[in-house]
Amino acid sequence: MDTAKVRVSSVKISLAVLPLLLLLLWPPVAANWMYLGVVGVTPLLPQGDQEAQNLSTSSAVSICQHLPGLVQQQVAVCQDHPDAIKSVSAGARRGITECQYQFRHERWNCTTTHEDPDVPFGHIIKRGSKETAFIYAITSAGVVHAVTQACSSGNLTDCYCDMSKQGLSTPEGWKWGGCSDNLNFGNQFARQFVDAPEKEWHKKEKKFRNLMNLHNNEAGRQERKSELVHIHSSPNYCKSKPKKGILGTSGRQCNKTSSGPDSCSFLCCGRGYNTKAVKYIERCHCKFVWCCRVECKNCVTKVDVHTCK
Amino acid sequence: MGGAIIENLSGRKLSVLIALLMICQLCCFLLGGLIAPAPTSASTVLGTKCYDRNYNSSKWYQSRPVKQMCHSFDSLDELESGITADDIIFVFQVPIPREKTILDFSRWQQNLIGTLIPEVFYDENDTGKQPSSQHDIETQLTVDARLAYQNKGDPDDKWTPLASSVEERKLECSILAEHRKPGYQYSCSLIPLFELGSLHHDFYLLNLRLPNKLAGKEVNRGLSRLENLMVAFINQNGGFTKVWVSLKTVFFPLVVVALVWFWRRICLLARPPALLECCILELGAALTLLNLPLEYLTLLVDCPWMTVLGDIRQGVFYASLLSFWLIFAGEHLMFEDEVERNRLRAYWRHLSAVLGGCVCLFIFDMCERGVQLTNPFYSIWVTDIGTNLALAFIILAGICAGLYFCFLSYMIWKVFVNISAKRNSLTAMSSNRRLKYQGIIYRFKALMLATLLCAAMTVIGFILGQVSEGRWKWDEDISLEYTSAFFTGVYGMWNVYTLALLCLYAPSHKKWPREESVQSIHGELLARDQLNSQSEEIEFSRFAAEPSELSALTALAGKPATD
């Protein structure tokens, strides 16, 4: 627990670009586990060690310590369920993909960065804005989904078999009356793993921000839609502010005819845009053919491409 | 049929017997509800998607353990280029492990059914497509399916082929207009895949392929973005089998003893057995066949034919029960040509309805289950000819059932008409005839009441089962597994019903000499019983000397004019 915190703080200091004020205002928020979704599990393991790659062996327990940025409880959960860490990574990745799809037309488009493992979404995640709320909810939902899928394909062996009614242990209980479904395990696992850093920080610093993250994690896990909570307003994401993790919208493609968030006037924040006439040989009248190709005709179109200044 | 025990039993003995049977019935219900688990359990398994550029139909692709795992991929998007549908294998290895324990099937789990659940996602490229019918996707699914098994102690990669087949199934999916966005799923109908009549081995492996080309023909082109295949594996619960087989083990000797006792009673008669007695005997025999706990055999030997045999045994019992009701009603018509009725030939029209229905269902069952003995992936419903044939047999069986109920209702109505007619003239009859008719009416009414009670309980139970969620909670600790309780309850009910028939409708001829007219004696006894209901011990007195029971009947029936 302490090592994790020291790690996070030391990174901040070594960056030395954040004003001290920011550090005081925003508690060190550990969203590091989401990094697993950006890079995956395999590159983080000791290379060339076949046994270590085989996560179901007992040596896998040590793998959990190799993964950077997990808090103590997460390491413990990982050691309990070493197979599940792959699902965490897959789930976070699925969450990020979904986030990028949902926000593809917005000024902030859910860009991730490989540069700093502690802040996979850039420093923007330190602000308690509605974008952060969405990141927490969608990655938490991704983990539940991935763990549940791994349970039902049999790739994860840890999933529960609820036999409380008969009071029998697993093999006998399963033969007697079968098992319940896998959804429970995914939820419980995510609650233990994903919520761990927030709970830990909250215990120490009693910041409202941690409660917000916990709420949004839970909201993501619920099947029915529930409201996300945020405590800060969103910045406008217009200008590039690398210190705050804002990339800016310069260079983004915009839609001249749209009146939504992807419209040129909104997306370019009034800076105007460049227009280039491009001749496309476009694929059209497409059809997805199982499996795995898209059959299309070629259509030649002339398009004006608008990019924000 | 001569006098039956039910008429001669004192009220107290009768109530003790009925109470015993009722307790027995309640036990059956509670056994299913409190001890047994649900009859079946299903586990939905997500197929592990594997690929092999050199797909080999004799190679088995498995998802566990890690060392033997095939080359898998998560999503179609991350698939290497150049891989076609022919190279993709959906792997289902069951049972799936739980709580870090490798599970294996037990032979108590009896059977395995697989249902295919496709996960088709909406693709941006689907936009231009106009639905050709009420479903957005309606296409033929061609599945190359292979099934293998492994037993404990086998090497991890040793799989013994069980069946393989290329099957056509219909895929129907639809999507709401507001969900026509990438990332949303179509909702597809479930597709029956296979049925294994015996679950004899420990582990099963299912390899499915949805190829593009098959024997030079292009197939599976209309599938759209099928991302995942899931299979719901449904098996009988071991606990339910144990409770069920115990029930059979208890009822089997009970019914056999009752049957032997009944048969001995008939053998002691001087006359040949009446038709109705033969009918009860036959019903008892059919129930004994059904009760025979053959399921023990499946624990030792691989018996894929057990489900077929089970269907036949059940069919024989229900056919016997239906025939019995017909003949029972017929034999109580109280027409004056009673001797004529005492023959099977008199019921040929009615019984042919029962027989016809049973034959239709038997042929249908053999077409489906019979073929499944050789190919578990076979289903009669997938081809148009098969569907029509199956429907034809089921409709024919339905017509037979309709005819049967018409016959039965007509007969019962006739009996009631006759009863009210006879009741009016009872006082005018000689005491002999009056007692005889009173006996007939009493026997008929008792059975009618019992049968209606049984039928009503079955129907009410069935409806309650449909309404409730399958499990009822009394409080935190006690919950009632309703579906199981219904099954064991109904099974116990027909056993109790048949036992009651064997005991109460056996010919009554205790201790008195054979030459005497049972008919008259029991009539006399009935009269006495009515006079003095407290009398517990039945005493027998000579009433009239007649050569035999049957001749007494004949004599009675032959002189209607005197009344």
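Buried means under 20% relative accessible area, exposed means over 50%, and partly exposed lies in between, using a 1.4 Å probe and protein chains only. By that rule A215(B), at 87% relative accessibility, counts as exposed.

Before going on, some ground rules. This is a predicted model, in which local features need pLDDT of at least 70 and side-chain atom pairs count only at pLDDT 80 or more, while totals for chains, interfaces and linings use all residues. Residues are numbered from 1 along each chain as its sequence is written, chains are lettered from A and ligands numbered from 1 in the order in which they are written, and side-chain values use heavy atoms, with hydrogens and water left out.

Back to A215(B). Its phi is near 50 degrees, which is a positive value in a residue other than glycine. A215(B) sits in the loop between β10 (213-214) and β11 (217-218) of chain B. Helices here are DSSP runs of H or I with at least four residues, strands are runs of E with at least two, and both are numbered from the N terminus.

Now chain A. It has 13 helices and three strands. Of its 309 residues, 49% are buried. Contact means heavy atoms within 4.5 Å. Among the contacts in chain A with a separation of 6 or more, 63% are between residues 24 or more positions apart.

One helix of chain A to look at is α11, residues 196-205. Which of its residues are buried? They are A196(A), P197(A), E198(A), E200(A), W201(A) and H202(A). After α11(A) comes K206(A), with a positive phi near 50 degrees.

Next, salt bridges. A salt bridge is a side-chain nitrogen of Lys or Arg within 4 Å of a carboxyl oxygen of Asp or Glu. The structure holds 18 of them over all chains. In chain A, R191(A), D195(A), E218(A) and R221(A) are linked in a network of salt bridges.

Another salt bridge joins D158(A) to K100(B), with the closest N and O atoms 4.0 Å apart. This pair crosses between chains: D158(A) is in the loop between α8 (130-153) and α9 (170-177) of chain A, and K100(B) is in the loop between β3 (88-94) and β4 (112-121) of chain B. D158(A) is buried, because its relative accessible area is 4%. K100(B) is exposed, because its relative accessible area is 52%. K100(B) also has a positive phi of about 60 degrees, although it is not a glycine.

The loop between β3 and β4 of chain B also holds P95(B). The peptide bond joining V94(B) and P95(B) is cis, with omega about -5 degrees. A cis bond also runs from R64(B) to P65(B), with omega near -15 degrees. P65(B) is in the loop between β2 (48-51) and β3 of chain B.

Staying in chain B, K152(B) forms a salt bridge with D104(B), the closest N and O atoms being 3.3 Å apart. K152(B) lies in the loop between β5 (137-150) and β6 (160-174), and D104(B) in the loop between β3 and β4, so the pair ties together parts that are 48 residues apart in sequence. K152(B) is exposed at 52% relative accessibility, whereas D104(B) is buried at 9%. In the salt bridge between E277(B) and R271(B), the closest N and O atoms are 3.0 Å apart. Are these two residues buried or exposed? Both E277(B) and R271(B) are buried.

Q150(B) is in strand β5 of chain B. It is buried, at 7% relative accessibility. A polar atom of the Q150(B) side chain lies 3.0 Å from the backbone oxygen of P155(B). Leaving aside neighbours within four places in sequence, the contacts of Q150(B) include W159(B), H201(B) and F203(B).

Last, a pair of helices. Two packed helices are described by the angle between their axes and the distance between the axes. Axes are lines fitted to C-alpha atoms, for helices over the stretch in contact, and angles run from 0 to 180 degrees between N-to-C directions. In chain B, the axes of α6 (residues 306-331) and α8 (residues 348-372) come within 10 Å and cross at roughly 170 degrees. That makes α6(B) roughly antiparallel to α8(B); angles under 35 degrees count as roughly parallel, over 145 as roughly antiparallel, 65 to 115 as roughly perpendicular and the rest as oblique. The residues making the contact include L322(B) and L326(B) of α6(B), and V354(B) and F362(B) of α8(B).

Definitions and conventions:
Polar contact = N/O pair within 3.5 Å; in protein donor to acceptor, adjacent residues only side chain to side chain.
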